[in-house]
Amino acid sequence: MKKLSLSVSVLFLTAALFSCGKGGNSEYPGFEKIEEGLYINFLSKNESAKAVEVGDIITMDMTYSTEDDSVLFETASNGQPVQMRADTAKYTGDISGAFLMMHEGDSAKLIVSADSFFMNTAGMQELPPFIDSASMLNFTVHISKIQTLEELQAEQSSKNAEMQAAEMQQLSEYLSSEGITASPTASGLIFISKKKGSGKQAEAGQTVKVNYEGMLLDGTYFDTSVEEVAKANGLYNEQRSYEPFEFTLGQGQVIKGWDEGIAMMKVGGKARLIIPSNIAYGANPRPGGPIKPFSTLIFDVELVDIVE
């Protein structure tokens with residue numbers, strides 16, 4: 001299969017789901033015409049299971065491609081399922097009309113107007129250059145779960161609590177194995193001074209320059225401002241400029257653990273910051289990156305300068 005890259009983030013968070021009525025015979029063999037620009041072919045149907053209702057949160061696996069079978073998106077490679085909220089109809093032929101015909105556990109193939117999908121559902125200003133306005137898109141979807149918003153929130157809260165407990169256990173084991181006995185601050189930051197600076201004390205509102213090396217608890221490097229460290233750990237990017245990172249301290253431009261830790265240093269000082277997820281990236285780090293939800297981070301930092 002040919003594969004193209006297309007990011008339609010609106011699909012995950014804001015695509016509306018629409019009600020619809022059944023249409024007549026379809027011009028696509030094996031497919032039922034729901035309405036103009038929208039067709040469905042059930043691969044499996046579980047009518048005894050919970051049906052999708054307006055307001056439900058739907059979790060599903062999804063793949064969609066162009067008429068010539070060029071894959072535009074697939075949850076298998078994206079790493080997470082699509083979640084959408086069922087809602088009322090907004091326009092004729094929206095893909096979401098098909099979802100209101102489905103049940104938990106159902107799988108189906110859908111044929112959807114490309115123009116309607118990109119311009120209306122995805123809210124794009126213009127079609128991608130490789131898409132003909134008269135063409136159709138081919139979807140394959142499997143609904144794995146249907147929940148109320150309250151059920152989803154309760155489930156996520158329980159998962160978060162479990163992941164936070166696991167993080168704290170991993171952190172405890174790391175500190176024990178490394179013989180670290182430094183007490184955490186009220187926020188949970190563990191500050192370990194490596195070299196006391198002799199320059200000015202860093203204060204909120206100042207612009208500071210910091211060299212850093214970022215690691216996970218297992219020692220995996222995920223970022224650094226130091227070229228030699230980047231090369232040694234497979235992070236080197238020739239298009240990047242390796243130099244001290246500059247930011248305004250105490251203004252929320254960096255994670256909370258950095259704002260707190262750098263403010264404990266003087267120019268010329270070096271320290272290790274062990275930063276639990278509650279003052280790092282929490283449950284929502286950058287998707288697809290090496291930092292997973294509820295990850296404690298380690299930064300070896302040097303306060304290089306304070307910009308006057």
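Predicted model: local features only at pLDDT ≥ 70, side-chain atom pairs only at ≥ 80, totals over all residues.
Q: How many residues does H5 have, and how far does it reach?
A: Helix H5 covers residues 149-178, so to speak 30 residues. From first C-alpha to last it reaches 43 Å, close to the 44 Å expected at 1.5 Å a residue.

Q: Which of its residues are buried?
A: In H5 the buried ones are Leu152, Asn160, Glu167, Leu171, Tyr174 and Leu175.

Q: And what do the buried residues of H5 pack against?
A: Strands. They pack against S3, S5, S7, S8 (190-195), S12 (270-275) and S13 (297-307).

Q: Let's take S3. Is it mostly covered or mostly open?
A: Mostly covered. S3 spans residues 57-65, and seven of its nine residues are buried.

Q: Which strands does S3 pair with?
A: Among them is S7 (residues 136-147), antiparallel over nine bridges. S5 (residues 82-85) also pairs with S3 in the antiparallel sense, over four bridges. S4 (residues 71-74) runs antiparallel to S3 too, joined by three bridges.

Q: What stands opposite what?
A: Met60 has Val82 in S5 as its bridge partner. Thr63 stands opposite Thr140 in S7. Tyr64 stands opposite Phe73 in S4.

Q: How many residues lie between S3 and S4?
A: Five, and the two strands form a hairpin. Asp69 sits in that turn, with a positive phi of about 75°. That is a positive value in a residue other than glycine.

Q: Where else does a residue other than glycine have a positive phi?
A: Phe294 is one of them, with phi near 55°. Phe294 lies in the loop between S12 and S13. Phe294 is buried, with a relative accessible area of 8%.

Q: New topic. Which residues touch the most others in the largest nonpolar core?
A: Met60, Met62, Phe99, Leu110 and Phe139, out of 31 residues in that core.

Q: Which elements give two or more residues to this core?
A: The strands are S2 (38-44), S3, S4, S5, S6 (107-113) and S7. The helices are H3 (96-99) and H4 (114-121). S7 gives the most, with five residues.

Q: What is Met60 in contact with?
A: Leaving aside neighbours within four places in sequence, Met60 contacts Thr75, Pro81, Val82, Met84, Phe99, Val141, His142, Ile143 and Ser144.

Q: What about a second core?
A: A separate core has 27 residues, including Val210, Leu216, Trp258 and Ile306.

Q: Why is S6 called largely enclosed?
A: Because six of its seven residues are buried, S6 is largely enclosed by the rest of the structure.

Q: Which strands flank it in pairing terms?
A: S2 and S6 run antiparallel and are joined by six bridges. S6 also pairs with S7, antiparallel over seven bridges. Ile40 has Leu110 in S6 as its bridge partner. Lys109 has Thr140 in S7 as its partner.

Q: Where is Asn41, and what is it in contact with?
A: Asn41 is in strand S2. Leaving aside neighbours within four places in sequence, Asn41 contacts Gly30, Phe31, Ala108 and Lys109.

Q: Switching to rings. How many aromatic pairs are there?
A: The structure holds 15. One of them joins Tyr212 and Phe245, edge-to-face, at 6.4 Å centre to centre and 80° between the planes. Tyr212 lies in S9 (residues 207-216) and Phe245 in S11 (residues 245-248), so the pair ties together parts 33 residues apart in sequence.

Q: Are those two buried or exposed?
A: Tyr212 is buried, at 9% relative accessible area. Phe245 is partly exposed, at 34%.

Q: How do the rings of Tyr212 and Trp258 sit?
A: Their centres are 5.4 Å apart and their planes are at 75°, so the pair is edge-to-face. Trp258 is in helix H7 (residues 256-262), 46 residues from Tyr212.

Q: Which residues make up the ring cluster?
A: Ring pairs link Tyr212, Phe222, Phe245, Phe247, Trp258 and Phe299.

Q: Last one: which lysines lie over rings?
A: Lys45 lies over the face of Phe42, 4.2 Å from the ring centre. Lys231 has its charged end over the ring of Tyr236, 5.0 Å from the centre.

Conventions:
Residues numbered from 1 in each chain as written. Heavy atoms only, no water. Buried < 20%, exposed > 50% of the residue type's maximum accessible area, 1.4 Å probe, protein only. Pairing = 2+ DSSP bridges. Expected span 1.5 Å × (residues − 1). Contact = heavy atoms within 4.5 Å. Core = buried A, V, L, I, M, F, W, Y, C linked by side-chain atoms within 4.5 Å. Phe/Tyr/Trp six-rings, centres within 6.5 Å; stacked < 30°, edge-to-face > 60°. Lys NZ or Arg CZ within 6 Å of the ring centre and 35° of its normal.
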